[in-house]
Amino acid sequence: MKLSDSFTKKLNQEQLAFLQDFFLHCPDSFLSNLMLKSYPANVTLMSTDDSCSHIYILLNGRLQGIEEQASDTEFRFAEISAIEIIGDFELFSQASARFITLTTLERSLCVMIPAKAYLAWIKEDAHALFIRIQMLVTQWMTQTRSDRKNFFLDNRTRLLQLLYHECSLAHMPEDRGTSGKDCPPRGAMQSGTPFEYKIRDTRGTIAARMGCSVRTVNRVAAQLCDEGYISLVHGKIRVSQTQFAEIEAELRDCMML
């Protein structure tokens, strides 16, 4: 299957390679089902209990998984990065409604496909189904390993991990514009400023991602500031290149990297 120019002109080599491999044996008639869509940050892609009308292939950006049925408050429990297929788990389990809510953490690019067309096609395409099974197994193994690592972590190490992850993303180009040039890195400060990276998440968001209270985040952030791993400017967490290297070394020492 050959993708149209509307895809090839907007995607990078990695994104194109995945789509061309995944849809390798897909009939040309299926092409009309593929819709390339861009979403700004903080957009709800799907909501808990919505009907499973579409699946999404996340090509660029990050999504936040939110559990809305476990308690009276939202629980933000997972972060999904590209490249990933979203929304077909419910189809495979024959669920009629979504299990979780997914929102965009940043500008994201997806291929949207009607669920019925996707399911009818992939049941007949052994190559694509094998790729999808590989992705699901890898995701499950990664999550299981992460859960085992995180089970006994203290909140100080959890926050260091979160900061390391966010700062690592700051070194990646966010997207390509119409000019073909990389956009500025995520969260990066302007050149000449004393800090390299500013954590954009609120303390409430950080607490939800860590699974603790805002008070605990405030206490641990103050501790890390005293230890020199971060700087606090008007309550915002900032991390310099030197501090990032120290965070990385600390996590390697405790075998978290």
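The model is predicted, with local features needing pLDDT of at least 70 and side-chain atom pairs pLDDT 80 or more, while totals for chains, interfaces and linings use all residues. Residues are numbered from 1 along each chain as its sequence is written, and side-chain values use heavy atoms, without hydrogens and water.

Phe22 and Trp121 form an edge-to-face aromatic pair, 5.4 Å centre to centre with 85° between the planes (rings of Phe, Tyr and Trp, the last by its six-membered ring, pair if their centres lie within 6.5 Å; planes under 30 degrees apart are stacked, over 60 edge-to-face, the rest tilted). Phe22 lies in helix H2 and Trp121 in helix H4 (residues 115-122), so the pair ties together parts 99 residues apart in sequence (helices are DSSP runs of H or I, at least four residues, and strands of E, at least two, numbered from the N terminus). Trp121 counts as buried, at 7% relative accessibility.

Next, select Phe18. Phe18 and Phe22 both belong to helix H2 (residues 13-22), 4 residues apart, about one turn of the helix. Ring pairs join Phe18, Phe22, Phe23, Phe30, Tyr118 and Trp121 into a cluster.

Finally, go to helix H9 (residues 241-253). Gln243, Phe244, Ile247 and Leu251 are buried there. Seen down the axis of H9, these buried residues fall within an arc of 105°, so they line one face of the helix (the arc is that of the directions from the helix axis to the C-beta atoms). On the other side of H9, Gln241, Thr242 and Asp253 are exposed.

Methods:
Buried means under 20% relative accessible area, exposed over 50%, partly exposed in between (1.4 Å probe, protein chains only).
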